[in-house]
Amino acid sequence: MRNIGMWLLVLLLASMLAGCGAGTTKIEGSGQPTQPGQEGKGSGGAGAAEFTFRLGHLQNTEHPYQKGAEKFKELLAQKSNGRIEVNIFPSSQLGNGRDQIEGLQLGTIHLHIGSVAPVANFAPKLNVLSLPYLFRDREHVFQVLDGEIGKELSADLESKGMINLSFWENGWRHLTNDVRPIKTAEDASGLKIRVLESPAYVSYVKALGSTPTPIPFGELYTALEQKVVDGQENPLAQIATNKFDEVQKYLSLNAHTYDAAVFLISKMAYDQLPAELQQAVHEAALEAAAYQRQLSEESEAKYLQQLKESGMQIEENPDLESFRKAVEPVYEELQESIGKDLIKRVRETK
C-alpha cells in the first residue's frame with residue numbers, strides 16, 4: 001500500500017508539471033518564459049499575446065517619447081490583433097542609453113527610443129546627424145531622415161544587432177547654465193558643460209572654449225544640483241519635463257543641433273516574428289513616428305512658456321552667426337571619419 005501511494009503521488013506531480021508546461025509562452029528576444037495569465041492582452045486583441053516586448057527610454061512619462069511609445073503600443077495591438085503586447089519602461093528603468101542599446105544586441109531589451117548620438121558609437125556614420133548647424137529647418141531634416149540618406153544610415157545598424165524602425169524627434173538642442181547669460185559663442189567659454197557621449201557633441205563644446213563632461217542622463221539633475229557641471233544642452237522637452245529650471249538659471253535658444261531620435265528593435269526579437277507581424281511592427285512604428293513628431297513640435301511653445309514662468313532667464317535671440325563660426329573646427333575634425341561626401345549630400349538635400 002505504501003508503494004502504491006508513492007506511485008500515485010509521483011503520477012500526480014508529473015501531471016501537474018505537464019499541465020503547467022503546456023501553456024507557457026516565450027517572451028521573444030529574452031528567452032524568459034511567462035506563465036499563462038501573465039502575458040499582456042492588447043487593446044485590439046482577441047486573447048493573450050503571443051509576444052511580449054519590453055520598450056525602454058530615458059525620459060519621464062510627460063515627455064513626447066512616452067506619448068509616442070503609448071501610441072505605438074496601441075497601434076501595434078490593433079495591427080497584430082493582440083498578438084504583440086508592449087510593456088513600456090520610461091525614466092531609465094532599463095539602464096542608461098548605452099545599457100539599453102547593448103540590451104537590444106543581447107535581446108534582453110526589445111525596443112528602445114533615444115537620441116541618435118549614443119547609437120552612433122555603434123555605427124559612426126550616424127554622427128553626421130549630430131553635427132551643429134547642419135540642418136536649415138525641420139523640412140530639411142525630414143527630407144534627409146525619410147529619404148535615401150536615412151535608409152543608408154539605418155542599414156549600418158543591422159550588423160550591430162538592431163533595426164531602426166523609424167526616426168522620431170527629440171528636438172532642437174539649446175544651452176543652459178547656472179553662471180551667466182549666453183548671447184554669443186564667446187559667452188559660453190570657460191564653462192563645464194555636460195554632453196552626450198558623442199564625438200560631435202564633445203567637439204562642439206570644445207569649439208566654444210568650454211569643457212565637455214559626459215554624464216548619463218539619469219544622473220544629470222543631481223550633477224547640476226551639486227555643481228559637478230555648470231550647464232548642459234538639451235531640447236526644451238527634456239529641460240522642462242526633468243525640471244532642470246530648478247538647478248539652472250539661464251537658457252539660450254541657440255538651437256545648435258537638431259536631435260533626431262531612433263526607434264530601434266532588437267534584431268534578435270524581430271527575426272523571431274512571422275512576416276505578417278514584422279509588417280505590423282513597421283506600420284505601427286511609422287504611424288507612431290508621425291504622431292510623435294507632430295506632438296513634439298506642437299509642445300515646444302508650451303515648454304518654453306513653462307520655463308519662462310518658472311523664472312529662467314531666457315535669451316531668445318542669441319547671435320547664431322557667432323555660434324556657426326565657432327563650430328567650423330567641428331567639421332574639420334570629424335569630416336574624415338564621417339565622410340565629406342556624406343556631409344555634402346546632407347547639406348545639399350532640398
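View 1. Tyr258 is buried, with a relative accessible area of 2%, where buried means under 20% relative accessible area, exposed over 50% and partly exposed in between (1.4 Å probe, protein chains only). The model is predicted, and local features need pLDDT of at least 70, side-chain atom pairs count only at pLDDT 80 or more, and totals for chains, interfaces and linings use all residues. Residues are numbered from 1 along each chain as its sequence is written, and side-chain values use heavy atoms, with hydrogens and water left out. The structure holds five aromatic pairs, a pair being rings of Phe, Tyr and Trp (its six-membered ring) with centres within 6.5 Å, counted as stacked if the planes are under 30 degrees apart, edge-to-face if over 60 and tilted for the rest. Phe135 and Tyr258 form one of these pairs, edge-to-face at 6.3 Å centre to centre with 80° between the planes. Phe135 lies in the loop between helix H4 (116–119) and helix H5 (138–145) and Tyr258 in strand E10 (residues 250–266), so this pair ties together parts that are 123 residues apart in sequence; helices (H or I, at least four residues) and strands (E, at least two) are DSSP runs numbered from the N terminus. The rings of Trp172 and Tyr258 have centres 5.1 Å apart and planes at 75°, so this pair too is edge-to-face. Trp172, in strand E6 (residues 162–177), and Tyr258, in strand E10, are 86 residues apart, and Trp172 is buried at a relative accessible area of 14%.

**View 2. Phe135 in the largest nonpolar core.** A nonpolar core is a set of buried Ala, Val, Leu, Ile, Met, Phe, Trp, Tyr and Cys residues joined through side-chain atoms within 4.5 Å. The largest core has 53 residues, of which Leu126, Val128, Leu129, Leu131 and Phe135 touch the most other members. Leaving aside neighbours within four places in sequence, Phe135 is in contact (heavy atoms within 4.5 Å) with Leu129, His140, Val141, Val144, Trp172, Tyr258 and Val346. Another core, of 28 residues, lies apart from the largest one and has Phe51, Leu111, Ile113 and Ala288 among its members.

**View 3. Helices H13 and H14.** The axes of helix H13 (residues 328–338) and helix H14 (residues 340–348) come within 6 Å and cross at roughly 105°; axes are lines fitted to C-alpha atoms, for helices over the stretch in contact, and angles run from 0 to 180 degrees between N-to-C directions. H13 and H14 are therefore roughly perpendicular to each other, on a scale where under 35 degrees is roughly parallel, over 145 roughly antiparallel, 65 to 115 roughly perpendicular and the rest oblique. Tyr331, Gln335 and Ile338 of H13 make the contact with Lys340, Leu342, Ile343 and Arg347 of H14. The charged end of Arg347 sits over the ring of Tyr331, 4.3 Å from its centre, a description that requires NZ of Lys or CZ of Arg within 6 Å of the ring centre and within 35 degrees of the ring normal.

**View 4. Thr176 in strand E6.** Thr176 is found in strand E6 and, at 1% relative accessibility, counts as buried. Thr176 and Tyr250 are 74 residues apart in sequence, yet 5.4 Å apart in space, C-alpha to C-alpha. Beyond its neighbours within four places in sequence, Thr176 has contacts that include Gly231, Gln232, Ile239 and Tyr250.
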